[in-house]
Amino acid sequence: NGFSFVKNSQKYYDDCAQILLEMITAKLAPQLIPQSMPHVAEDVPDAPVLRRTGEAGKELRCVIGIIRHGDRTPKQKMKMVVTHERFIKLFEELNGPKTGHIKIKEPKLLQQVLDICRCLLEEANHHSTPPTPETEEIIRKLHQLKAVLEMHGYFAGINRKVQLKQLLKQHNGVQVENGPQLLLILKWGGELTSVGQRQ
(Lines give C-alpha, C1' and ligand atoms only; values in the text may rest on other atoms or scores of the structure.)
Protein backbone atom coordinates (compact mmCIF):
# COMPACT_ATOMS: atom_id res chain seq x y z
CA ASN A 1 0.00 0.00 0.00
CA GLY A 2 1.25 3.46 -0.85
CA PHE A 3 3.63 2.50 -3.68
CA SER A 4 1.42 4.28 -6.20
CA PHE A 5 2.29 7.57 -4.48
CA VAL A 6 6.00 7.21 -5.22
CA LYS A 7 6.29 4.91 -8.24
CA ASN A 8 6.67 7.88 -10.60
CA SER A 9 9.05 9.81 -8.34
CA GLN A 10 12.68 9.87 -9.49
CA LYS A 11 13.78 10.94 -6.01
CA TYR A 12 12.24 7.77 -4.54
CA TYR A 13 14.37 5.54 -6.79
CA ASP A 14 17.48 7.69 -6.21
CA ASP A 15 17.01 7.40 -2.44
CA CYS A 16 16.48 3.64 -2.67
CA ALA A 17 19.61 3.25 -4.78
CA GLN A 18 21.63 5.33 -2.31
CA ILE A 19 20.44 3.28 0.68
CA LEU A 20 21.17 -0.02 -1.08
CA LEU A 21 24.62 1.23 -2.10
CA GLU A 22 25.43 2.19 1.47
CA MET A 23 24.17 -1.08 2.94
CA ILE A 24 25.99 -3.31 0.43
CA THR A 25 29.24 -1.34 0.62
CA ALA A 26 29.17 -1.33 4.43
CA LYS A 27 28.75 -5.11 4.43
CA LEU A 28 31.18 -6.14 1.67
CA ALA A 29 33.78 -3.39 1.56
CA PRO A 30 33.49 -0.93 4.44
CA GLN A 31 37.01 0.33 3.73
CA LEU A 32 35.73 1.84 0.47
CA ILE A 33 33.28 4.13 2.21
CA PRO A 34 34.66 7.68 2.16
CA GLN A 35 34.38 9.77 5.30
CA SER A 36 32.13 12.24 3.49
CA MET A 37 29.67 9.56 2.42
CA PRO A 38 26.60 9.28 4.64
CA HIS A 39 26.05 5.84 6.06
CA VAL A 40 23.18 3.75 7.32
CA ALA A 41 23.36 3.54 11.08
CA GLU A 42 23.28 0.01 12.49
CA ASP A 43 21.92 1.16 15.82
CA VAL A 44 18.98 3.49 16.08
CA PRO A 45 19.99 6.49 18.22
CA ASP A 46 17.88 7.79 21.06
CA ALA A 47 15.03 9.96 19.83
CA PRO A 48 15.92 13.63 20.16
CA VAL A 49 13.64 16.01 21.98
CA LEU A 50 12.49 19.48 21.07
CA ARG A 51 15.17 22.09 21.81
CA ARG A 52 14.24 24.37 24.66
CA THR A 53 15.68 27.67 25.78
CA GLY A 54 19.06 27.09 27.39
CA GLU A 55 19.15 23.39 26.39
CA ALA A 56 22.01 22.87 23.94
CA GLY A 57 22.60 20.00 21.53
CA LYS A 58 19.04 18.70 21.31
CA GLU A 59 16.49 19.53 18.69
CA LEU A 60 13.49 17.92 17.02
CA ARG A 61 14.74 16.34 13.81
CA CYS A 62 11.64 14.50 12.65
CA VAL A 63 8.22 13.22 13.65
CA ILE A 64 7.27 9.64 12.80
CA GLY A 65 3.60 8.75 12.80
CA ILE A 66 2.09 5.27 12.45
CA ILE A 67 -1.48 5.70 11.23
CA ARG A 68 -3.94 2.99 10.31
CA HIS A 69 -7.14 3.75 8.46
CA GLY A 70 -10.45 2.44 9.72
CA ASP A 71 -11.85 -0.95 8.73
CA ARG A 72 -12.85 -0.89 5.05
CA THR A 73 -14.48 -3.14 2.49
CA PRO A 74 -12.10 -5.04 0.15
CA LYS A 75 -11.03 -3.32 -3.04
CA GLN A 76 -12.33 -5.06 -6.14
CA LYS A 77 -11.59 -4.96 -9.85
CA MET A 78 -13.37 -6.04 -13.04
CA LYS A 79 -11.96 -6.05 -16.58
CA MET A 80 -13.69 -6.29 -19.94
CA VAL A 81 -12.87 -5.55 -23.56
CA VAL A 82 -15.17 -2.96 -25.13
CA THR A 83 -15.50 -2.22 -28.84
CA HIS A 84 -18.70 -0.19 -29.05
CA GLU A 85 -18.39 3.15 -30.81
CA ARG A 86 -19.79 4.99 -27.77
CA PHE A 87 -16.83 3.90 -25.63
CA ILE A 88 -14.41 4.66 -28.47
CA LYS A 89 -15.89 8.14 -28.88
CA LEU A 90 -15.60 8.87 -25.15
CA PHE A 91 -11.99 7.66 -25.21
CA GLU A 92 -11.20 10.00 -28.10
CA GLU A 93 -13.01 12.97 -26.55
CA LEU A 94 -10.85 12.62 -23.42
CA ASN A 95 -7.65 12.60 -25.49
CA GLY A 96 -7.08 8.90 -24.87
CA PRO A 97 -5.31 8.10 -28.17
CA LYS A 98 -2.50 10.51 -27.23
CA THR A 99 -1.53 8.68 -24.04
CA GLY A 100 -3.09 5.29 -24.72
CA HIS A 101 -5.14 5.33 -21.54
CA ILE A 102 -7.46 7.50 -19.45
CA LYS A 103 -8.72 7.47 -15.86
CA ILE A 104 -12.29 8.51 -15.15
CA LYS A 105 -13.12 9.69 -11.62
CA GLU A 106 -15.17 12.85 -12.07
CA PRO A 107 -18.93 12.44 -11.46
CA LYS A 108 -19.84 13.96 -14.84
CA LEU A 109 -17.61 11.51 -16.74
CA LEU A 110 -18.67 8.53 -14.62
CA GLN A 111 -22.25 9.45 -15.48
CA GLN A 112 -21.35 9.28 -19.18
CA VAL A 113 -19.97 5.76 -18.70
CA LEU A 114 -23.14 4.78 -16.85
CA ASP A 115 -25.31 6.23 -19.65
CA ILE A 116 -23.37 4.22 -22.25
CA CYS A 117 -23.76 1.09 -20.16
CA ARG A 118 -27.51 1.60 -19.80
CA CYS A 119 -27.90 2.15 -23.56
CA LEU A 120 -26.00 -1.03 -24.41
CA LEU A 121 -28.04 -3.11 -21.97
CA GLU A 122 -31.26 -1.64 -23.39
CA GLU A 123 -30.15 -2.56 -26.90
CA ALA A 124 -29.26 -6.08 -25.76
CA ASN A 125 -32.78 -6.53 -24.33
CA HIS A 126 -34.31 -5.81 -27.74
CA HIS A 127 -32.23 -8.35 -29.69
CA SER A 128 -34.41 -11.11 -31.09
CA THR A 129 -31.61 -13.64 -31.58
CA PRO A 130 -30.37 -15.58 -28.56
CA PRO A 131 -27.01 -14.32 -27.23
CA THR A 132 -23.83 -16.32 -27.67
CA PRO A 133 -21.81 -17.37 -24.59
CA GLU A 134 -19.37 -14.54 -25.36
CA THR A 135 -22.20 -12.02 -25.58
CA GLU A 136 -23.71 -13.32 -22.33
CA GLU A 137 -20.37 -12.70 -20.58
CA ILE A 138 -20.27 -9.13 -21.92
CA ILE A 139 -23.85 -8.50 -20.78
CA ARG A 140 -23.05 -9.91 -17.34
CA LYS A 141 -20.10 -7.54 -16.97
CA LEU A 142 -22.17 -4.60 -18.22
CA HIS A 143 -24.71 -5.36 -15.50
CA GLN A 144 -21.90 -5.41 -12.95
CA LEU A 145 -20.56 -2.10 -14.28
CA LYS A 146 -24.04 -0.60 -14.05
CA ALA A 147 -24.60 -1.90 -10.51
CA VAL A 148 -21.30 -0.49 -9.23
CA LEU A 149 -21.81 2.92 -10.82
CA GLU A 150 -25.36 3.12 -9.46
CA MET A 151 -24.29 2.38 -5.88
CA HIS A 152 -25.53 4.91 -3.31
CA GLY A 153 -27.51 6.73 -6.03
CA TYR A 154 -24.82 9.38 -6.59
CA PHE A 155 -21.12 9.78 -7.31
CA ALA A 156 -18.97 10.91 -4.42
CA GLY A 157 -15.63 10.13 -2.83
CA ILE A 158 -12.80 8.18 -4.42
CA ASN A 159 -14.16 4.65 -4.15
CA ARG A 160 -15.13 4.18 -7.83
CA LYS A 161 -12.90 4.56 -10.84
CA VAL A 162 -13.02 3.54 -14.51
CA GLN A 163 -9.94 3.20 -16.69
CA LEU A 164 -9.87 2.80 -20.47
CA LYS A 165 -6.70 1.45 -22.09
CA GLN A 166 -5.98 1.10 -25.77
CA LEU A 167 -5.33 -2.53 -26.73
CA LEU A 168 -2.35 -3.16 -28.99
CA LYS A 169 -0.95 -6.26 -30.66
CA GLN A 170 2.38 -7.33 -32.10
CA HIS A 171 2.88 -7.78 -35.85
CA ASN A 172 6.36 -8.81 -37.09
CA GLY A 173 7.84 -7.45 -33.88
CA VAL A 174 6.17 -4.07 -34.30
CA GLN A 175 3.36 -2.88 -32.03
CA VAL A 176 0.27 -1.93 -34.03
CA GLU A 177 -3.30 -1.01 -33.16
CA ASN A 178 -5.66 -3.95 -32.88
CA GLY A 179 -8.65 -2.12 -34.26
CA PRO A 180 -11.02 -0.08 -32.13
CA GLN A 181 -10.65 -2.11 -28.93
CA LEU A 182 -10.33 -0.83 -25.40
CA LEU A 183 -9.75 -2.54 -22.09
CA LEU A 184 -12.20 -1.20 -19.53
CA ILE A 185 -11.07 -1.60 -15.91
CA LEU A 186 -13.57 -0.92 -13.16
CA LYS A 187 -12.28 -0.48 -9.59
CA TRP A 188 -14.42 -0.07 -6.50
CA GLY A 189 -14.51 -0.80 -2.79
CA GLY A 190 -12.36 0.48 0.05
CA GLU A 191 -15.34 2.07 1.78
CA LEU A 192 -15.61 2.38 5.53
CA THR A 193 -17.59 -0.43 7.13
CA SER A 194 -19.86 0.15 10.14
CA VAL A 195 -16.93 -0.96 12.31
CA GLY A 196 -14.68 1.51 10.53
CA GLN A 197 -17.14 4.34 11.10
CA ARG A 198 -17.18 3.59 14.82
CA GLN A 199 -13.39 3.48 14.85
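These legends accompany close-up views of a predicted model.

In this predicted model, local features need pLDDT of at least 70 and side-chain atom pairs count only at pLDDT 80 or more, while totals for chains, interfaces and linings use all residues. Residues are numbered from 1 along each chain as its sequence is written, and side-chain values use heavy atoms, with hydrogens and water left out.

**View 1. Helix 4 crosses helix 5 with left-handed geometry.** Here we look at helix 4 (residues 107–125) and helix 5 (residues 133–149), whose axes come within 9 Å and cross at roughly 140 degrees. That angle makes helix 4 oblique to helix 5. Angles under 35 degrees count as roughly parallel, over 145 as roughly antiparallel, 65 to 115 as roughly perpendicular and the rest as oblique. Axes are lines fitted to C-alpha atoms, for helices over the stretch in contact, and angles run from 0 to 180 degrees between N-to-C directions. Left-handed means that the near helix is turned anticlockwise from the far one by less than a right angle. Helices are DSSP runs (H or I, at least four residues) and strands are runs of E (at least two), numbered from the N terminus.

Contact means heavy atoms within 4.5 Å.

**View 2. Cys117 is buried.** Its relative accessible area is 0% (buried means under 20%, exposed over 50%, partly exposed in between, with a 1.4 Å probe and protein chains only). The closest cysteine sulfur to that of Cys117 is in Cys119, 9.3 Å away and too far for a bond. A search of the whole structure finds zero disulfides, a disulfide being a pair of cysteine sulfur atoms within 2.5 Å. Cys16 is partly exposed at 30%.

**View 3. Asn95 has a positive phi.** Asn95 lies in the loop between helix 2 (85–93) and helix 3 (96–99). Its phi is about 65 degrees, although Asn95 is not a glycine. Asn95 is partly exposed, at 43% relative accessibility.

**View 4. Ile33 touches Thr25 and Ala26.** These contacts leave aside residues up to four places away in sequence. Ile33 sits in the loop between helix 1 (10–28) and strand 1 (76–82), and is partly exposed at 23% relative accessibility. The C-alpha atoms of Ile33 and Glu22 are separated by 8.1 Å, with the two residues 11 apart along the chain.
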